[in-house]
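Colleague: Before we discuss any details, could you bring up the model, so that we can go through it together?

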Amino acid sequence: MRNPFKKRSTVETEEKSVMQIPFSFGDVDTVGYVKLSEHPDVVIAVNKIADLVSNMTIHLMENTEQGDKRVRNALSRKIDIEPHRNMTRKGWLYKIVSDLLLHGDGNSVVHIGVDAETGLIDDLTPFQMQAVTFNDVDGNYVINYNGNDYKPDEVLHFVINPNPNYPYKGMGYRVALRDIVKNLAQANKTKNSFMSGKYMPSLILAVDAMTDEMATKEGRDNILKKYVDETDGGKPWVVPADLINVHQVKPLSLKDIAINEGVELDKKTVAGLLDVPAFFLGVGEFKKEEYNNFINTRIYAIGQIISQTLTRDLLYNPNWFFRLNPRSLFSYDLTEMVTAGTQMVDRNAMRRNELRDWVGLDPDAEMQELIILENYIPAGMLGQQNKLKGGENSD
């Protein structure tokens with residue numbers, strides 16, 4: 001039985017034989033399983049989220065009657081500056097976010113080390129998520145890492161997209177992205193084959209059917225050498241009439257085979273699932289409002305997951321909590337920062353040195369004092385304004 005998938009080297013007709021065939025999708029190798037961690041679009045999106053989240057400083061806050069105030073002590077320094085002896089806060093957070101979105105399938109687990117002499121928190125060591133499993137035990141669960149069991153209160157367990165059946169652990173994007181990533185990989189493979197020019201001949205020679213010569217590669221090469229190779233470059237070909245019919249082929253573009261439209265749609269789907277703006281993946285143009293909304297939603301939400309987990313698992317003081325500060329991540333220009341800061345200074349809500357810090361300038365001793373315009377005074381002091389009192393001869 002003839003194999004319908006077997007590729008033929010020539011296309012035969014009754015009178016003519018064609019030396020080359022145009023581009024065919026059936027000639028492109030198909031792709032198999034593609035890891036999410038190896039696909040460029042997924043890596044770009046995850047790296048962007050991890051980079052932005054890891055740029056946020058971790059503040060230890062205290063809830064007071066006057067509002068939330070920042071606490072600076074050894075614990076705040078430990079978490080924000082040196083969570084691990086071999087990692088900075090940025091690298092530590094980057095690892096956690098990458099695990100949540102990519103490597104840990106919605107989970108990231110960090111072991112809480114304790115100094116044997118002082119009893120204080122030592123290294124906070126992220127686990128390699130490929131070696132982590134979760135086991136249900138009597139309504140609770142145990143985390144197994146390399147054959148060792150850990151209770152939930154011995155680790156920091158960060159979770160994204162809680163599993164509906166096991167809410168203590170998360171769900172990643174592997175299943176949702178699997179087919180889309182495969183489509184993008186196949187489109188990239190097709191594009192590479194297409195752009196190589198292997199299946200885009202600029203000329204096709206149709207010759208009178210000569211069974212013996214056309215049956216072998218050597219025979220076809222002889223025909224080309226006889227009428228093509230012996231002709232000097234730039235000179236016209238001289239061939240017997242009715243022997244060879246030369247067809248010029250206009251090469252197809254990626255738009256003609258609808259690769260670009262399909263790739264763009266899949267990229268938008270990847271961006272939507274990972275909740276990043278599509279322009280991060282090369283679709284569309286940068287929009288400031290869209291970027292700031294991304295910071296306010298996706299980045300802020302992941303920051304909330306991290307801060308709430310740190311608060312739950314590390315703090316005993318009920319008035320303390322951790323907070324990740326996203327303010328520096330927004331897209332500001334200098335004019336906007338100065339305008340907003342000046343309005344707060346005018347209303348006695350900010351010192352001028354704080355405004356200088358916003359724009360990256362060093363503090364100035366003469367700008368530490370709070371200033372206020374004459375009209376911005378407490379309501380109880382309105383009657384003390386001289387302009388509201390009568391003159392000396394008001395009697």
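Colleague: What volume does the largest pocket have?

Modeller: This is a predicted model, in which local features need pLDDT of at least 70, side-chain atom pairs count only at pLDDT 80 or more, and totals for chains, interfaces and linings use all residues. Residues are numbered from 1 along each chain as its sequence is written, and side-chain values use heavy atoms, with hydrogens and water left out. A pocket is an open set of points on a 1 Å grid over the protein atoms alone where a 1.4 Å probe fits, with protein on both sides within 12 Å along at least five of seven lines, and its volume is the space filled by probe spheres set on the points, which are joined across faces, edges and corners. For the largest pocket this volume is about 470 Å³.

Colleague: Of the residues that line the largest pocket, which are the closest to its centre?

Modeller: Lining residues have an atom within 4 Å of a point, and the largest pocket has 15 of them. The closest to its centre are Leu75, Gly119, Leu120, Ile121 and Asp122.

Colleague: Which element supplies the largest share of that lining?

Modeller: Helices (H or I, at least four residues) and strands (E, at least two) are DSSP runs, numbered from the N terminus. Helix H2 (74–80), strand E5 (107–114), strand E6 (121–126) and helix H8 (288–314) each supply at least two lining residues. The largest share, three residues, comes from H2.

Colleague: Why does Gln304 count as partly exposed?

Modeller: Gln304 is found in helix H8. Buried means under 20% relative accessible area and exposed over 50%, with partly exposed in between, for a 1.4 Å probe and protein chains only. Gln304 counts as partly exposed because its relative accessibility is 28%.

Colleague: How many residues of helix H3 are buried?

Modeller: Helix H3 spans residues 89–103 and is mostly covered. Its buried residues include Trp92, Leu93, Ile96 and Asp99.

Colleague: Which residue in E9 stands opposite Ile143?

Modeller: An open sheet of three strands has the order E7-E8-E9 with antiparallel pairing, and two strands pair if DSSP finds at least two bridges between them. Its edge strands, each pairing on one side only, are E7 (132–137) and E9 (148–150). Strand E8 (residues 140–145) is joined to E9 by three bridges. Opposite Ile143 stands Tyr150.
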